[in-house]
Amino acid sequence: MDGPISFRDAYDRGAHDTRRDTLDGLVEDSAAALKAQQREDGHWMFELEADTTIPAEYILMRHALGDPADTELEARIGRYIRDMQGRDGAWPLFHDGDGNISASVKAYFALKMIGDDQQAPHMRRARAAILDAGGAARANVFTRILLALYGEVPWRAVPVMPVELMLAPRWFPMHLSKMAYWSRVVIVPLLIVMALKPRARNPRDVHIRELFTNAPEQEQRYNTNPTGAPSGTAFLALDRALRAVEPWMPRRLRRNAIRKAEDFLLARLNGEDGLGAIFPAMVNAVLALDTLGYPSDHPQLRTARRALDRLLVERGEGAYCQPCASPVWDTALSAHALMEAGEAPDGPAMRRALDWLRDQQILDTVGDWAEGCRGHPPRPGGWAFQYGNALYPDLDDTAVVAMALHRADPRRYADAIARAVEWVIGMQSRDGGWGAYDADNTSHYLNHIPFADHGALLDPPTADVTARCLGFLAQTGLGRDQPAIAGAVDFLLRHQEPDGSWYGRWGTNYVYGTWSVLSALAAAGEDPGSSAFRRAVAFLESRQRPDGGWGEDCATYWHDRKGEAKTSTPSQTAWALLALMAAGEDQSTAVRRGIAFLEWAPRDGARWAESSFTGVGFPRVFYLRYHGYAAYFPLWALARHRSLLRRNERRPLYGL
């Protein structure tokens with residue numbers, strides 16, 4: 001195949017008939033290719049890619065520690081960072097996105113650190129873009145902390161987050177338990193760094209003063225109120241008061257707080273899977289341990305360093321660092337796609353995958369999540385996203401894994417499924433929804449503190465995670481007479497957008513959210529003829545592109561850019577198709593056009609061609625490209641369509 005063709009061409013070639021030989025052959029070929037990527041112990045793991053901030057921070061961390069230069073690795077990471085530079089000279093947060101000043105400052109600093117001449121054309125273009133955006137002083141809080149570590153800005157450029165927060169009682173408005181899991185594990189090591197204010201070793205003595213419009217020590221407007229909310233203004237005033245008081249904090253109190261932060265960190269280091277099993281927390285842990293005086297050969301610091309190195313990916317002549325690993329997520333979704341394609345649940349491939357998933361269930365570790373539960377917390381019974389993250393299982397993975405186990409063999413995996421049901425129900429929030437990691441994590445005022453300029457300090461219930469939990473519970477046989485089911489359905493119906501869609505917190509964006517919810521509502525027995533379904537179907541049909549596919553840009557997380565799309569993608573097309581088929585639209589023109597798009601879209605082995613980012617870490621701040629999405633989701637949609645053609649069935653059998 002030379003490349004993509006238009007839907008019109010596909011239709012003229014007979015794709016409108018969804019020819020059985022084309023559909024069968026494509027399903028079988030892509031399923032075989034996906035099976036071939038299964039690892040020996042049964043699991044799958046695809047690359048997980050973010051923007052250039054992660055590899056840039058990896059380089060800057062090494063130089064902050066004064067590591068001997070690994071010139072070959074630096075050269076490969078540098079090549080990757082240069083390749084990601086946008087046409088405007090800046091670095092975007094996602095493929096073909098707008099330039100982002102924080103990502104650009106880190107990328108520029110990392111490239112200069114490894115030896116790129118600041119007068120080289122790509123560096124000149126980057127510098128111009130950064131200065132046009134207001135200079136490095138306008139970068140976000142986390143970037144300014146990094147710059148303060150290197151002495152590029154004074155520490156007053158960073159909002160005050162006193163380490164004494166570690167000693168606050170649980171009722172205190174700023175208690176760690178009120179923040180999301182990712183915030184806790186990222187912030188605690190930063191509290192140590194911000195309290196002790198170390199200086200990066202920077203053996204090459206590289207600086208970036210040329211990125212500032214004013215001298216950094218004279219800049220007065222580092223900390224602002226990005227939300228514009230009155231509470232944000234009040235928190236800025238509090239920040240100024242804390243800054244005046246902080247030098248007078250009792251030294252004994254500060255020592256106790258630092259010790260408590262260190263204890264928190266050490267208790268959660270998590271071996272070679274790393275603190276929180278996510279890069280930002282892991283890199284902060286390394287910096288905090290170094291700041292505390294741990295020698296470079298200390299076992300805990302060495303282990304924390306190895307955790308970061310395990311995230312490195314070498315691709316061709318380039319290399320980058322992943323934000324985390326995604327084996328549980330990839331394995332569960334691959335299993336669903338292959339079972340939809342006809343893979344026998346008790347066959348060797350599925351049995352190895354499902355047994356591997358069963359064995360990853362967290363049954364004995366009570367994590368931070370228990371603090372947010374109402375009443376007596378449930379027994380552990382969830383799954384983490386990564387290889388090892390026992391303190392922080394997530395609801396999304398738990399529901400998807402448990403659905404796969406139930407779909408394959410509810411008797412063989414009965415104990416695992418029962419524990420998952422117990423844990424999921426115990427983690428439901430008061431409003432009927434589910435967050436990803438915590439229950440009732442809804443102290444929204446915290447997103448207005450100056451430190452939280454990313455707006456993602458919390459983990460409130462979302463439509464997509466709620467849908468996944470509802471779909472799982474409904475698949476196991478729970479009905480509307482169960483409070484958990486009734487509450488979830490009501491939550492989802494309340495959160496439908498005026499245009500009929502649902503917001504996708506963890507996937508881009510309204511197509512993802514709408515697929516998640518329609519699948520769950522169908523599994524829960526909601527009427528596909530209801531107003532909620534019909535409005536959602538109308539939304540999806542209105543978003544279908546001329547080539548028959550669907551595509552939604554990451555820019556849609558800015559409220560004034562809803563509906564923006566640059567190209568159709570196989571993964572988003574698959575979500576839309578699965579949503580429409582859940583709504584009983586499997587014979588519709590929209591579905592037939594979408595199937596034709598997938599049949600004719602370029603594919604290499606298991607993966608359809610897809611360069612766009614369709615995953616989300618933090619909306620408007622941090623996006624993800626799951627390399628597996630372009631493999632298992634298109635296969636899943638095509639196989640589901642084939643199943644419905646064969647069974648003449650109007651709704652899927654499962655909650656996903």
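Helices here are DSSP runs of H or I with at least four residues, strands are runs of E with at least two, and both are numbered from the N terminus. With that naming, Pro377 falls in the loop between H14 and H15. The model is a predicted one, and the values below are computed from it. Pro377 has a relative accessible area of 26% and is therefore partly exposed, the intermediate class between buried, under 20%, and exposed, over 50%. Although Pro377 and Trp423 are 46 residues apart along the chain, their C-alpha atoms are separated by 8.5 Å.

**The sheet**

Three strands, in the order S1-S9-S8, make up an open sheet whose pairing is antiparallel. Strand S1 (48-49) and strand S8 (615-618) stand at the edges with a single partner strand each, so that one side of each has no neighbour in the sheet. Between S8 and strand S9 (residues 622-626), which run antiparallel, there are three bridges; Val616, for instance, has Tyr623 in S9 as its bridge partner. In general, the strands of a sheet pair through backbone hydrogen bonds, in either a parallel or an antiparallel manner.

**Salt bridges**

The count of salt bridges comes to 41.

| Pair | N to O distance |
|---|---|
| Glu49 and Arg625 | 3.2 Å |
| Lys106 and Glu57 | 2.4 Å |
| Arg268 and Asp368 | 3.1 Å |

The salt bridge between Glu49 and Arg625, with its closest N and O atoms 3.2 Å apart, links distant parts of the chain, since Glu49 lies in strand S1 and Arg625 in strand S9, 576 residues apart. Glu49 and Arg625 are both buried. The pair Lys106 and Glu57, at 2.4 Å from N to O, likewise links distant parts of the chain, with Lys106 in helix H5 (residues 101-113) and Glu57 in helix H3 (residues 53-64), 49 residues apart. Both of these residues, Lys106 and Glu57, are buried.

The side chains of Arg268 and Asp368 meet at 3.1 Å, N to O, and this pair too links distant parts of the chain: Arg268 is in the loop between helix H10 (251-267) and helix H11 (279-291), while Asp368 is in the loop between helix H14 (348-359) and helix H15 (395-408), 100 residues apart. Arg268 and Asp368 are again buried. Beyond these pairs, a network of salt bridges links Asp24, Glu28, Arg642 and Arg646.

**Helix H19**

Because 14 of the 14 residues of H19 are buried, the helix is largely enclosed by the rest of the structure. Just after H19, Gly525 adopts a positive phi of about 90°.

**The second largest pocket**

The second largest pocket holds about 640 Å³ of space. Its lining consists of 24 residues, of which Pro460, Thr462, Tyr503, Arg505 and Pro619 lie nearest the centre of the pocket. By class, the lining of this pocket has 12 nonpolar, seven polar and five charged residues.

How values were computed
Residues numbered from 1 in each chain as written. Predicted model: local features only at pLDDT ≥ 70, side-chain atom pairs only at ≥ 80, totals over all residues. Heavy atoms only, no water. Pairing = 2+ DSSP bridges. Salt bridge = Lys/Arg side-chain N within 4 Å of Asp/Glu carboxyl O. Buried < 20%, exposed > 50% of the residue type's maximum accessible area, 1.4 Å probe, protein only. 1 Å grid on protein atoms, 1.4 Å probe; cavity = no way out; pocket = protein on both sides within 12 Å on 5 of 7 lines; lining within 4 Å. Points joined across faces, edges and corners; volume = space filled by probe spheres on them. Nonpolar A, V, L, I, M, F, W, Y, C, P; charged D, E, K, R; others polar.
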